[in-house]
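Please brief me on this structure.

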Amino acid sequence: MRLLLVEDNRELADWLSKTLRQASYVVDVVHDGEDVEHALAAGEHALIILDLALPGMSGMEVLKRLRARGNPVPVIVLTANASLDGRVKGLNEGADDYLAKPFQIEELEARIRVQLRRANDRTAPVIACGDLVFDTNTRLFTLGPEPLSLTPREHAVLEQLLVKAGRTVSKAQLSAAIYDFDTDADPSAIEIYVHRLRKKLEGSRVQIATLRGLGYLLRHDDLTP
Amino acid sequence: MRINSLRLQLLAWVVLPLVGLATINLWTSHRNALATADLVTDRMLMGSARAIAERVAVADGVLDATIPPAAIEMFDTGDQDSVYYHVKTAGGRLLTGYPNLPEAPKSSSTEASYRDHRLRLLTFSHTVVGAGNDSPITVTVGVSLAGHDAMVRRLWFGAFAQQLALVAIAGLFVLLGLHRGLAPLIRLRDAVRSPSRSDLDPVEVAGAQNEIRPLIDALNAYMARVRAQMAAQRRFIANAAHQLRTPLALLSTQASYALRETASDQRQEALVALQASSGKLARLAEQLLTLSRAEPGSRRPRADRIDLTEAARHVLEAQAPAAIKRGIDLGLDETGPVPVIGDGTMLREMIVNLVDNALRYTPAGGTVTVKLATLDSQAVLTVCDDGPGIPPEEREHVFERFYRLPGAAEDGSGLGLAIVREVVENAGGSVTLADGAARGLMVEVRLPLAADS
């Protein structure tokens, strides 16, 4: 899952993104409200964490513009202003959730999970496809009874495929979801990750199918007629 | 004895002079009553004497005096007065009446004692035709003073009652007028004292007189000042809370990261960063405290005599390790003691903030110079750095609390220069920003030089 963190305090942005990456999220960071549009155009973000006190364009303005363009991406607003007024205003402007600083990272993560679940029309915290199970709370994959050990990149690809299980995911979509700005997006590397994932999934009931010219699709045997 | 009641004071000022005037008035009216009674008594005496004299006649060659009863009865006014008289010949022979009765001088009355009575006497001389050498006769009539005094009392008592009523009525009206006049003041008191007033709203008193209006206006102006000060305080506290939230979020994030990280070097890195963050947070809290102490009224004004040169040396010594670590050339340029008067702790804190700012914005390998001089009986402290400087149009704003230059990357609190200005102005000085010699910023603080002790 690729997240966009908009926070002007560089240190906080730095450590927040590090902590989120620990949990196998792909995180992009921008420090200025003006940069949000470019960032969103350059990648496929599943969620935005938006600080309200930003230089350039205020967080509220960013949110307003985002919703005016009809972008439905979930937004969790972070703010140092914990007043009721501020919270209500933020939610009215189209924020999906609101978190006042200082917060515990566990709470932020829980709220991220809730928003992602809601965005994908799921209610259960566990996503399964055959014997492949992803627990969104622990953010760990298990294959049958065994935990599945993955590199961050493999994790990102598999998570993306699992969330859209049964549907085609194009290489471009995968690429937009798994690379952050600091990495040169290399679509051909996707094939390598998929190759490695197929190896790790060998012997299970889950397969990554290639649809030439279209992309990839995660499916399990139970679905095949 | 001091009278603190406005009512009593005003009452005293009105009633006491009135009582004085009334006393004078009573005294004169007593004299008038006395004069009137004298006149009336004298007329009666004269009438009586004439009536007696006219009955003195020569009968058969003998001078005979018969006292007509009316001459005596006219004195019967119900006051049991005694009437004495005698009729004497020109030679002094007593024709009738009381012997030894004193005589009054010619054509005026007199008062004298006779038989334990005080008498008013009048002597009348009358020519009797055919009396020869015995003519003129003298008739002396005296009357005791009971009727006279009763008349004086009656005349005077009427005046006394009038005056008393006048004073009493005047006093009553003074009290009434005061009650009405002071009513707006009482309403003002009640309005200010009312328990529902906690918001320092302006007080409005209907019907306040022109004399009380300035008091109400002054009170309202005072409350407006207090309200503004409280609002500033609230803004500051809100701002401070706001400023503490992000660093606290950072601390908590770093701690969480360190807790979850299994790789020991990355965990180490997080812990080091955590330590630095908590140091910064402590510094921020310290600055907030300094700023609240620097506020007028929050700390007893102190007038220490401190040497800025020595204070600067101490600050630089304390900051030197940080400067060396970043390869910054931190130097002191001084020519001797620069004594000033002010709050020593706050002045040192001011220098700490200046140097801290300069080091913060100076790139590694740069130069920071603190210079002390005296100029025109002023102490001049300048701090020059190699940093990015502050554009002229921003120079007024940077003294505002929590103001950060747009795009400032360094992690300042936005409080340093606010503290500097507050402290310098409290000490009667001024602070200005200018371009550094080559680049960077020069902060110049001017303080009044302490007189030689």
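**A sheet in chain B**

B:H86 stands opposite B:G97, a residue of β4(B). Helices (H or I, at least four residues) and strands (E, at least two) are DSSP runs, numbered from the N terminus. This is a predicted model: local features need pLDDT of at least 70, side-chain atom pairs count only at pLDDT 80 or more, and totals for chains, interfaces and linings use all residues. Residues are numbered from 1 along each chain as its sequence is written, while chains are lettered from A and ligands numbered from 1 in the order in which they are written.

*Strands and a helix of chain B*
- β3(B) and β4(B) run antiparallel and are joined by 3 bridges.
- In chain B, 5 strands form an open sheet with antiparallel pairing, in the order β4-β3-β7-β6-β5.
- Its edge strands are β4 (94-97) and β5 (110-114) of chain B, and each pairs on one side only. Two strands pair if DSSP finds at least two bridges between them.
- On average, neighbouring strands of this sheet are turned by 25° against each other, direction ignored.
- Helix α1 (residues 6-54) of chain B lies across β3, β6 (117-126) and β7 (137-144) of chain B. This helix runs at about 50° to β6(B).
- Axes are lines fitted to C-alpha atoms, for helices over the stretch in contact, and angles run from 0 to 180 degrees between N-to-C directions.

*Positive phi in chain B*
- B:Q80 is not a glycine, yet has a positive phi of about 50°. B:Q80 lies in the loop between α2 (69-73) and β3 (83-88) of chain B.
- B:Q80 is exposed, with 9 other C-beta atoms within 10 Å.
- A residue is buried if 20 or more other C-beta atoms lie within 10 Å of its own, exposed if 12 or fewer, and partly exposed in between; C-beta atoms are placed from the backbone.
- B:S377, also a residue other than glycine, has a positive phi near 55°. B:S377 is in the loop between β11 (367-375) and β12 (378-384) of chain B.

*Chain A*
- Chain A has 8 helices and 11 strands.
- Of the 225 residues in chain A, 36% are buried.
- A cis peptide bond, with omega about -5°, joins A:K101 and A:P102. A:P102 is in the loop between β5 (97-100) and α5 (105-119) of chain A.

*Where the chains meet*
- 17 residues of chain B are in contact with 17 residues of chain A. Contact means that the C-beta atoms of two residues, placed from the backbone, lie within 7 Å.
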